[in-house]
Amino acid sequence: MKHPEILDLYTDYLIACFGKATATGLSSMLDKSISHDKISRFLNQPTLNDKDYWKVIKPIIRKVETPQGILKIDDFIEEKPYTDENAIVCFHWDHSKNTHVKGMNILHFNYSGVSSEEGTPFRLPVAWEIIKKTQEYACKKTGKIKRRSDVSKNELLRRRLRVLTSLNKLEYEYIVWDSWFSSKENLEFVHYELKKKFVVALKSNRLIALSLQDKNQGKFQRIDSLDLQPYLVYTLYLKGLDFPVRVVKRVFTNKDGSKGELYIITNDFDLTYDQILEIYHERWSIEDAHKSLKNNVCLQDSPTQKVESQSNHVFSSMIALVKLEILKFKERKNHFALKAKLYVKALKAAFQELQEIKKTSNKQPILIRTKSALQNVF
C-alpha cells in the first residue's frame with residue numbers, strides 16, 4: 001500500500017466530512033500541507049485488496065473476536081446514476097425496488113464480536129467484494145449492449161468465506177444471511193467444507209420433506225403449504241440436501257397491517273426457538289452498517305471516476321466505518337449520534353468564524369427588518 005499516512009487522514013476526513021469527499025477538500029482542510037495531487041495519487045494507486053485490508057484491521061479483530069462470533073453476509077447497491085458506466089459502476093437488479101439501478105453492488109461480510117466493555121457486540125466489516133461485470137454482450141431481446149460477471153455472486157461468497165475461515169483464521173460459530181443466499185451449494189459448503197453452523201432464511205417456495213421416509217420417496221411440499229406453528233421447532237428435510245435441518249416459522253406484522261411469514265433454518269440442533277430467532281435477528285445489524293456507510297463515512301459522496309479510485313474509496317470507507325465503531329464505544333454513542341455531535345461542533349466553528357469575518361469586514365452596515373426589530377447583520 002502506498003502512502004498509508006494518507007489513508008489515515010483520508011478516513012478521518014470521511015468521518016468528519018458533511019458534503020462531497022474530494023482530494024481538493026481534504027487538501028484545503030489541511031491548509032494544503034498535503035497537495036490534492038498527492039491525495040489523488042493515493043486514490044488512483046493500483047486497487048487496494050483484501051490482503052491490504054486484513055493487514056489494517058487484523059489487530060482490532062483479534063481483540064474482539066470470539067468462538068461464538070456471528071458472521072453476517074448481505075449485499076447492497078450504492079446508487080451512482082450520474083457516474084460514467086464501467087465494470088463496477090453499472091446496472092444491477094435491486095430486489096427492494098424490483099428494477100435495475102445503476103451503481104456499485106457490494107457483497108458485505110460483517111462480524112459480530114464482543115467488546116471488553118460489558119460484553120457489548122462489536123460489529124466490524126471484515127471483508128467485502130465489489131461485483132465486477134467485465135463481460136459485455138448483446139441482449140437478444142433488445143439488441144442493447146449489457147454487462148455480466150464472469151463469476152457468480154454465490155461463488156464470490158464461497159471464495160471469501162474460505163479466505164476468512166482458512167487463511168485469516170477468523171473465529172466464529174454462526175453464519176447468517178437472508179433467503180437469497182440459501183442455495184443448496186452454499187448450505188452444503190458451510191455444513192461440510194467450513195464445518196460451521198448456519199442460521200439463515202428460506203424462500204417460501206422451497207421444497208421440504210416431513211420425514212426421512214418422505215425424502216427417500218421423493219415426497220416434497222412447498223414449505224409455505226405446511227401447517228407449521230410459530231414457537232415450535234421442526235426437523236425437516238430440504239430438497240437437495242442429504243442432511244436434516246431445524247426449521248422455525250416466525251409470523252410478523254408489516255407496516256401496512258398485513259401479516260408476513262419468515263422461515264428460518266439451521267443445522268444446529270441444540271438451539272431453541274428463541275435462540276434461533278435471536279441469532280438471526282443479529283443479521284439486521286448489517287443493514288445498520290449499510291446505512292452508516294452511506295450516511296456517516298461518505299461512501300456515496302465521492303466524485304471518483306476511475307475503477308481504481310472508486311474501489312480505493314470503498315476500501316477507505318470500510319476503514320472509516322471500523323474507526324467509527326471504535327469511537328462508538330469510547331464515546332458511548334451510536335454512529336449517527338457521533339456524526340451529529342461532529343456536525344454541531346462544525347456548525348459552532350463556522351458560526352464563530354462568521355462572527356470574526358463580520359468584525360473585520362469593511363462593508364457598510366446592512367439593516368434587515370425582522371419580526372422583533374431592526375438587526376445589524378454586518
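These legends describe close-up views of a predicted model. Local features need pLDDT of at least 70, side-chain atom pairs count only at pLDDT 80 or more, and totals for chains, interfaces and linings use all residues. Residues are numbered from 1 along each chain as its sequence is written, and side-chain values use heavy atoms, with hydrogens and water left out.

**View A. Helix 9 and the residue that follows it.**
Helix 9 covers residues 284-296. Helices (H or I, at least four residues) and strands (E, at least two) are DSSP runs, numbered from the N terminus. The 13 residues of helix 9 should span 18 Å at 1.5 Å a residue, and its end C-alpha atoms are 18 Å apart, which agrees. The expected span is 1.5 Å times one less than the number of residues. S285, I286, A289, H290, S292, L293 and N296 are the buried residues of helix 9. Buried means under 20% relative accessible area, exposed over 50%, and partly exposed in between (1.4 Å probe, protein chains only). An α-helix has 3.6 residues a turn, so residues three or four places apart point the same way. C298 follows helix 9 and is found in the loop between helix 9 and helix 10. Its phi is near 60°, a positive value in a residue other than glycine. C298 is buried, with a relative accessible area of 3%.

**View B. Helix 9 against helix 10.**
The axes of helix 9 and helix 10 come within 10 Å and cross at roughly 105°. Axes are lines fitted to C-alpha atoms, for helices over the stretch in contact, and angles run from 0 to 180 degrees between N-to-C directions. Helix 9 is therefore roughly perpendicular to helix 10. Angles under 35 degrees count as roughly parallel, over 145 as roughly antiparallel, 65 to 115 as roughly perpendicular and the rest as oblique. From helix 9, A289, S292, L293 and N296 meet S317, M318, L321 and L324 of helix 10. Contact means heavy atoms within 4.5 Å. The residues of this contact divide into five nonpolar, three polar and no charged. Ala, Val, Leu, Ile, Met, Phe, Trp, Tyr, Cys and Pro count as nonpolar, Asp, Glu, Lys and Arg as charged, and the others, Gly among them, as polar.

**View C. Helix 10 against helix 11.**
Helix 10 runs over residues 307-331 and helix 11 over residues 335-360. The 25 residues of helix 10 should span 36 Å at 1.5 Å a residue; its end C-alpha atoms are 36 Å apart, which agrees. Of these 25 residues, 19 are buried, so helix 10 is largely enclosed by the rest of the structure. R332 follows helix 10, with a positive phi near 55°. The axes of helix 10 and helix 11 come within 9 Å and cross at roughly 85°. The two helices are therefore roughly perpendicular to each other. Helix 10 contributes L321, L324, E325, L327, K328 and E331 to the contact, and helix 11 contributes H335, L338 and K341. These residues divide into four nonpolar, one polar and four charged.

**View D. Aromatic pairs.**
The whole structure holds 12 aromatic pairs. Rings of Phe, Tyr and Trp (its six-membered ring) pair if their centres lie within 6.5 Å; planes under 30 degrees apart count as stacked, over 60 as edge-to-face and the rest as tilted. F18 and Y343 form an edge-to-face pair, 5.3 Å centre to centre with 65° between the planes. This pair links distant parts of the chain, 325 residues apart: F18 is in the loop between helix 1 (4-16) and helix 2, and Y343 is in helix 11. F18 is partly exposed, at 42% relative accessible area. Y343 also counts as partly exposed, at 42%. Y53 and W128 form an edge-to-face pair, with 4.7 Å between centres and 85° between the planes. Y53 lies in helix 4 (residues 50-64) and W128 in strand 4 (residues 121-130), 75 residues apart. Both Y53 and W128 are buried. Y10, Y13 and F42 form one aromatic cluster.

**View E. D31 in its loop.**
D31 lies in the loop between helix 2 (23-29) and helix 3 (36-43). Its phi is positive, about 55°, although D31 is not a glycine. D31 counts as exposed, at 70% relative accessibility.

**View F. R246 and its contacts.**
R246 is found in strand 12 (residues 245-253). R246 is buried, with a relative accessible area of 18%. Not counting residues up to four places away in sequence, R246 touches V233, Y234, T235, I264, I265, T266, D268 and F269. The C-alpha atoms of R246 and N267 are separated by 6.3 Å, and the two residues are 21 residues apart along the chain.
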